[in-house]
Amino acid sequence: MLSNRTDTIDSAPSSQSAGRLSAKILASGSNGNCLLVRSATTALLVDLGIPARNAAGALDGRGVPPAAVDAILLSHEHSDHAIGVGAFSRKYGTPVVADPRTLDAAEAAVGAINRRPLARGSTLTIGDCEVSAFPVPHDAAAPAGFLIRSGGWTIVYCVDLGSAADSLVEPLAAADLLILEANHDYDALRLGPYTASLKARILSPLGHLSNLEAARLIAGSATGRPRTVWLAHLSAINNSPRLAKRIVGSVLRRERISGVRLEVAARDTPSLCWSTDTAGWQLPLLA
Ligand SMILES: [Zn+2]
Ligand SMILES: [Zn+2]
(Lines give C-alpha, C1' and ligand atoms only; values in the text may rest on other atoms or scores of the structure.)
(Ligands and ions follow the chains in the order given, each with its own letter.)
Protein backbone atom coordinates (compact mmCIF):
# COMPACT_ATOMS: atom_id res chain seq x y z
CA MET A 1 0.00 0.00 0.00
CA LEU A 2 1.11 3.55 -0.64
CA SER A 3 -0.10 5.03 2.61
CA ASN A 4 1.00 4.14 6.06
CA ARG A 5 0.58 7.53 7.68
CA THR A 6 -1.68 10.51 7.19
CA ASP A 7 -0.84 13.99 8.40
CA THR A 8 -2.08 17.49 7.62
CA ILE A 9 -0.99 20.93 6.43
CA ASP A 10 -3.83 23.46 6.56
CA SER A 11 -4.49 25.81 3.66
CA ALA A 12 -6.68 28.88 3.32
CA PRO A 13 -10.34 28.31 2.38
CA SER A 14 -11.44 29.38 -1.09
CA SER A 15 -14.67 30.38 -2.77
CA GLN A 16 -13.81 28.26 -5.85
CA SER A 17 -16.01 25.29 -6.58
CA ALA A 18 -15.11 22.01 -4.94
CA GLY A 19 -13.69 19.08 -6.88
CA ARG A 20 -11.57 21.00 -9.37
CA LEU A 21 -7.99 20.05 -10.04
CA SER A 22 -5.61 21.53 -12.58
CA ALA A 23 -1.96 21.27 -13.53
CA LYS A 24 0.40 23.51 -15.47
CA ILE A 25 3.98 22.79 -16.51
CA LEU A 26 6.19 25.78 -15.71
CA ALA A 27 9.42 24.05 -16.84
CA SER A 28 10.45 20.50 -17.76
CA GLY A 29 13.88 19.12 -18.60
CA SER A 30 17.45 18.95 -17.40
CA ASN A 31 17.52 22.78 -17.26
CA GLY A 32 14.79 22.84 -14.66
CA ASN A 33 11.51 21.26 -13.63
CA CYS A 34 8.51 22.88 -12.02
CA LEU A 35 4.81 21.95 -12.01
CA LEU A 36 1.93 23.98 -10.58
CA VAL A 37 -1.06 22.02 -9.25
CA ARG A 38 -4.20 23.80 -8.07
CA SER A 39 -7.30 22.43 -6.43
CA ALA A 40 -10.34 24.26 -5.12
CA THR A 41 -8.48 25.51 -2.04
CA THR A 42 -4.85 24.59 -2.47
CA ALA A 43 -1.84 25.52 -4.61
CA LEU A 44 1.18 23.21 -4.81
CA LEU A 45 4.46 23.35 -6.66
CA VAL A 46 6.02 20.02 -7.57
CA ASP A 47 9.80 20.49 -7.80
CA LEU A 48 11.37 23.93 -8.10
CA GLY A 49 14.33 23.51 -10.41
CA ILE A 50 14.24 27.06 -11.75
CA PRO A 51 15.32 30.25 -9.93
CA ALA A 52 12.85 31.26 -7.22
CA ARG A 53 12.26 34.69 -8.79
CA ASN A 54 11.37 33.06 -12.13
CA ALA A 55 8.89 30.77 -10.40
CA ALA A 56 7.41 33.72 -8.49
CA GLY A 57 7.01 35.63 -11.75
CA ALA A 58 5.35 32.67 -13.44
CA LEU A 59 2.96 32.27 -10.51
CA ASP A 60 2.10 35.97 -10.43
CA GLY A 61 1.38 35.78 -14.15
CA ARG A 62 -1.21 33.08 -13.44
CA GLY A 63 -2.90 34.91 -10.62
CA VAL A 64 -1.26 32.83 -7.88
CA PRO A 65 0.56 34.98 -5.32
CA PRO A 66 3.78 33.10 -4.46
CA ALA A 67 2.99 33.42 -0.75
CA ALA A 68 -0.25 31.52 -1.40
CA VAL A 69 1.59 28.35 -2.42
CA ASP A 70 0.74 25.88 0.33
CA ALA A 71 3.72 23.57 -0.17
CA ILE A 72 6.51 22.55 -2.53
CA LEU A 73 6.69 18.79 -3.14
CA LEU A 74 10.34 17.90 -3.81
CA SER A 75 11.00 14.66 -5.69
CA HIS A 76 14.78 14.67 -5.09
CA GLU A 77 17.68 17.02 -4.48
CA HIS A 78 19.24 17.27 -7.96
CA SER A 79 19.61 20.91 -8.93
CA ASP A 80 17.25 20.73 -11.91
CA HIS A 81 14.51 19.95 -9.35
CA ALA A 82 15.67 21.87 -6.29
CA ILE A 83 17.71 24.94 -7.25
CA GLY A 84 14.95 27.41 -6.35
CA VAL A 85 13.61 25.66 -3.26
CA GLY A 86 15.85 27.38 -0.70
CA ALA A 87 15.24 30.98 -1.73
CA PHE A 88 11.50 30.42 -2.32
CA SER A 89 10.94 28.63 1.00
CA ARG A 90 12.86 31.25 2.98
CA LYS A 91 11.18 34.22 1.28
CA TYR A 92 7.60 32.96 1.52
CA GLY A 93 7.89 30.50 4.41
CA THR A 94 6.64 27.72 2.15
CA PRO A 95 6.86 24.18 3.57
CA VAL A 96 9.02 21.83 1.49
CA VAL A 97 7.53 18.33 1.51
CA ALA A 98 10.00 15.48 0.89
CA ASP A 99 11.57 12.41 2.38
CA PRO A 100 13.85 13.40 5.32
CA ARG A 101 16.95 12.25 3.41
CA THR A 102 15.96 14.42 0.45
CA LEU A 103 15.43 17.40 2.78
CA ASP A 104 18.92 16.87 4.28
CA ALA A 105 20.52 16.66 0.83
CA ALA A 106 18.60 19.68 -0.46
CA GLU A 107 19.51 21.82 2.55
CA ALA A 108 23.19 20.96 2.05
CA ALA A 109 22.90 22.47 -1.44
CA VAL A 110 20.41 25.35 -1.13
CA GLY A 111 20.48 26.27 2.57
CA ALA A 112 17.78 26.20 5.20
CA ILE A 113 14.23 25.41 4.15
CA ASN A 114 10.91 25.06 5.95
CA ARG A 115 11.08 21.29 6.35
CA ARG A 116 8.00 19.11 6.13
CA PRO A 117 9.12 15.46 6.11
CA LEU A 118 7.06 12.94 4.15
CA ALA A 119 8.69 9.53 4.10
CA ARG A 120 8.20 7.53 0.92
CA GLY A 121 5.20 5.27 1.35
CA SER A 122 3.39 7.90 3.44
CA THR A 123 0.49 10.25 2.83
CA LEU A 124 -0.02 13.89 3.81
CA THR A 125 -3.16 16.01 3.58
CA ILE A 126 -2.51 19.55 2.33
CA GLY A 127 -5.72 21.60 2.24
CA ASP A 128 -8.13 19.58 0.08
CA CYS A 129 -5.32 17.55 -1.53
CA GLU A 130 -4.04 14.18 -0.38
CA VAL A 131 -0.39 13.69 -1.31
CA SER A 132 1.26 10.26 -1.30
CA ALA A 133 4.97 9.70 -1.99
CA PHE A 134 6.30 6.51 -3.59
CA PRO A 135 9.90 5.42 -4.24
CA VAL A 136 11.42 5.60 -7.73
CA PRO A 137 14.77 4.16 -8.90
CA HIS A 138 17.22 7.07 -9.37
CA ASP A 139 20.70 8.05 -8.16
CA ALA A 140 19.62 10.45 -5.42
CA ALA A 141 19.22 10.22 -1.61
CA ALA A 142 15.56 9.08 -1.53
CA PRO A 143 13.93 9.89 -4.89
CA ALA A 144 10.14 9.90 -4.95
CA GLY A 145 7.16 10.21 -7.20
CA PHE A 146 3.93 11.78 -6.01
CA LEU A 147 0.21 11.03 -6.22
CA ILE A 148 -1.92 14.11 -5.69
CA ARG A 149 -5.63 13.39 -5.14
CA SER A 150 -8.45 15.89 -4.84
CA GLY A 151 -12.16 15.77 -5.60
CA GLY A 152 -11.95 12.23 -6.95
CA TRP A 153 -9.18 13.10 -9.46
CA THR A 154 -5.56 11.96 -9.35
CA ILE A 155 -2.39 13.49 -10.76
CA VAL A 156 0.74 11.31 -10.73
CA TYR A 157 4.20 12.89 -11.08
CA CYS A 158 7.05 10.52 -11.88
CA VAL A 159 10.24 11.92 -13.41
CA ASP A 160 13.91 11.02 -13.09
CA LEU A 161 13.79 7.25 -12.91
CA GLY A 162 16.24 4.79 -14.38
CA SER A 163 13.97 1.82 -14.87
CA ALA A 164 10.34 0.82 -15.10
CA ALA A 165 10.14 -1.01 -11.76
CA ASP A 166 7.10 -3.25 -11.22
CA SER A 167 6.31 -1.28 -8.05
CA LEU A 168 5.46 1.75 -10.21
CA VAL A 169 2.52 0.11 -11.95
CA GLU A 170 0.12 0.51 -9.02
CA PRO A 171 0.67 4.24 -8.42
CA LEU A 172 0.77 5.05 -12.15
CA ALA A 173 -2.45 3.14 -12.79
CA ALA A 174 -4.29 5.59 -10.53
CA ALA A 175 -3.56 8.61 -12.74
CA ASP A 176 -6.11 10.74 -14.56
CA LEU A 177 -3.10 12.87 -15.48
CA LEU A 178 0.26 11.11 -15.60
CA ILE A 179 3.46 13.15 -15.89
CA LEU A 180 6.21 10.68 -16.80
CA GLU A 181 9.82 11.04 -17.86
CA ALA A 182 10.69 10.19 -21.47
CA ASN A 183 14.28 11.38 -21.28
CA HIS A 184 16.04 9.98 -24.30
CA ASP A 185 15.87 7.91 -27.42
CA TYR A 186 18.14 4.94 -26.84
CA ASP A 187 19.89 5.09 -30.20
CA ALA A 188 20.27 8.86 -30.14
CA LEU A 189 21.95 8.61 -26.73
CA ARG A 190 24.12 5.64 -27.67
CA LEU A 191 25.38 7.26 -30.89
CA GLY A 192 25.37 10.84 -29.58
CA PRO A 193 28.06 13.18 -28.25
CA TYR A 194 27.91 12.41 -24.51
CA THR A 195 30.93 10.90 -22.82
CA ALA A 196 30.93 7.16 -22.16
CA SER A 197 30.59 7.74 -18.41
CA LEU A 198 27.61 10.07 -18.82
CA LYS A 199 25.93 7.62 -21.21
CA ALA A 200 26.47 4.85 -18.67
CA ARG A 201 24.95 6.94 -15.88
CA ILE A 202 21.86 7.82 -17.94
CA LEU A 203 21.38 4.23 -19.09
CA SER A 204 21.85 2.69 -15.63
CA PRO A 205 18.84 1.38 -13.65
CA LEU A 206 19.22 4.48 -11.45
CA GLY A 207 19.55 6.92 -14.36
CA HIS A 208 16.88 8.17 -16.74
CA LEU A 209 14.00 6.60 -18.65
CA SER A 210 14.05 6.11 -22.42
CA ASN A 211 11.08 6.69 -24.71
CA LEU A 212 10.62 2.95 -25.08
CA GLU A 213 10.75 2.29 -21.32
CA ALA A 214 8.26 5.11 -20.77
CA ALA A 215 5.96 3.58 -23.38
CA ARG A 216 6.09 0.19 -21.69
CA LEU A 217 5.30 1.74 -18.33
CA ILE A 218 2.35 3.65 -19.77
CA ALA A 219 1.05 0.49 -21.45
CA GLY A 220 1.67 -1.64 -18.36
CA SER A 221 -0.24 0.73 -16.10
CA ALA A 222 -3.18 1.27 -18.46
CA THR A 223 -6.55 0.42 -16.97
CA GLY A 224 -8.82 1.30 -19.89
CA ARG A 225 -9.96 4.44 -18.11
CA PRO A 226 -9.33 7.61 -20.17
CA ARG A 227 -6.31 9.57 -19.08
CA THR A 228 -3.85 12.19 -20.19
CA VAL A 229 -0.14 11.42 -20.29
CA TRP A 230 2.49 14.16 -20.46
CA LEU A 231 5.95 13.04 -21.54
CA ALA A 232 8.40 15.14 -19.53
CA HIS A 233 12.07 15.78 -18.76
CA LEU A 234 13.12 15.31 -22.41
CA SER A 235 16.81 15.62 -23.25
CA ALA A 236 17.58 18.45 -25.66
CA ILE A 237 20.44 16.43 -27.17
CA ASN A 238 19.17 12.87 -27.18
CA ASN A 239 15.46 13.28 -27.86
CA SER A 240 12.86 15.48 -29.48
CA PRO A 241 9.16 15.99 -28.76
CA ARG A 242 8.29 14.53 -32.15
CA LEU A 243 10.43 11.43 -31.66
CA ALA A 244 9.19 10.80 -28.11
CA LYS A 245 5.56 11.08 -29.15
CA ARG A 246 6.09 8.89 -32.22
CA ILE A 247 7.80 6.08 -30.32
CA VAL A 248 5.44 6.08 -27.36
CA GLY A 249 2.39 6.40 -29.60
CA SER A 250 3.49 3.50 -31.80
CA VAL A 251 3.97 1.21 -28.79
CA LEU A 252 0.55 2.10 -27.40
CA ARG A 253 -1.09 1.44 -30.77
CA ARG A 254 0.73 -1.86 -31.13
CA GLU A 255 -0.36 -2.88 -27.63
CA ARG A 256 -3.90 -1.73 -28.45
CA ILE A 257 -3.93 0.67 -25.50
CA SER A 258 -6.80 3.10 -25.98
CA GLY A 259 -7.98 6.05 -23.95
CA VAL A 260 -4.63 7.84 -23.70
CA ARG A 261 -4.21 11.45 -24.72
CA LEU A 262 -0.47 11.89 -25.25
CA GLU A 263 1.29 15.25 -25.05
CA VAL A 264 4.88 16.43 -24.63
CA ALA A 265 6.04 19.06 -22.15
CA ALA A 266 8.21 21.87 -23.50
CA ARG A 267 11.62 22.18 -21.90
CA ASP A 268 12.19 25.83 -21.20
CA THR A 269 8.85 27.58 -21.37
CA PRO A 270 5.57 27.10 -19.55
CA SER A 271 3.61 24.60 -21.59
CA LEU A 272 0.89 22.06 -21.04
CA CYS A 273 -2.28 22.71 -19.07
CA TRP A 274 -4.74 20.12 -17.75
CA SER A 275 -7.93 20.74 -15.86
CA THR A 276 -10.79 18.62 -14.63
CA ASP A 277 -13.05 21.21 -16.27
CA THR A 278 -11.99 19.85 -19.67
CA ALA A 279 -10.83 16.33 -18.80
CA GLY A 280 -14.20 14.91 -19.80
CA TRP A 281 -13.37 15.28 -23.50
CA GLN A 282 -10.99 12.32 -23.20
CA LEU A 283 -12.65 10.06 -25.76
CA PRO A 284 -10.96 9.75 -29.16
CA LEU A 285 -7.31 9.57 -28.39
CA LEU A 286 -3.86 8.77 -29.59
CA ALA A 287 -3.89 10.95 -32.70
ZN1 LIG B 1 16.09 15.82 -13.44
ZN1 LIG C 1 17.71 13.57 -11.00
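Trainee: What ground rules apply to the numbering and to the model?

Mentor: Residues count from 1 along each chain as its sequence is written, while chains are lettered from A and ligands numbered from 1 in the order in which they are written. Since this is a predicted model, local features need pLDDT of at least 70 and side-chain atom pairs count only at pLDDT 80 or more, whereas totals for chains, interfaces and linings use all residues.

Trainee: What is the mean pLDDT of the chain?

Mentor: First the term: pLDDT is the predictor's confidence in each residue, from 0 to 100. Here the chain mean is 91, and 92% of the residues reach 70 or more. Over residues 13–18, though, pLDDT is below 50, and that stretch has seven contacts beyond near neighbours in sequence; a contact means that two C-beta atoms, placed from the backbone, lie within 7 Å. Residues 281–287 also stay under 50, with 16 contacts beyond four places in sequence.

Trainee: Now the strands. Which strands make up the open sheet, and in what order?

Mentor: The general idea is that strands of a sheet pair through backbone hydrogen bonds, either parallel or antiparallel. Two strands count as paired if DSSP finds at least two bridges between them. Strands (E, at least two residues) and helices (H or I, at least four) are DSSP runs, numbered from the N terminus. In this model seven strands form an open sheet in the order 7-6-5-4-3-2-15, with mixed pairing. Strand 7 (114–117) and strand 15 (273–275) each have a single partner strand, so one side of each lacks a neighbour in the sheet. The twist averages 25° from one strand to the next.

Trainee: What packs on that sheet, touching strand 6 and strand 7?

Mentor: That's helix 4 (residues 100–110), whose direction makes about 125° with that of strand 6. For such angles, axes are lines fitted to C-alpha atoms, for helices over the stretch in contact, and angles run from 0 to 180 degrees between N-to-C directions. Strand 6 (residues 95–98) itself runs parallel to strand 5 (residues 71–73), joined by two bridges, and Leu 73 has Val 97 as its bridge partner.

Trainee: How many bridges join strand 2 to strand 3?

Mentor: Six, and the two run antiparallel, with Ile 25 opposite Leu 35. They form a hairpin with six residues between them, and Gly 29 in the turn has a positive phi of about 145°. Strand 2 is also antiparallel to strand 15, through three bridges, with Ser 22 opposite Ser 275. Five of the seven residues of strand 2 are buried, so the rest of the structure largely encloses this strand. Buried means 20 or more other C-beta atoms within 10 Å of a residue's own, exposed means 12 or fewer, and partly exposed is in between; C-beta atoms are placed from the backbone.

Trainee: Which way do the residues of strand 12 point?

Mentor: In a regular strand, side chains alternate between the two faces of the sheet. From strand 12, Leu 177, Ile 179 and Glu 181 point one way and Leu 178 and Leu 180 the other, and all are buried. Strand 12 (residues 177–181) runs parallel to strand 11 (residues 153–158), with four bridges, and also parallel to strand 13 (residues 227–232), with five. Val 156 partners Leu 178, while Leu 180 partners Leu 231. Leaving aside neighbours within four places in sequence, the contacts of Leu 180 include Cys 158, Ala 214 and Leu 217.
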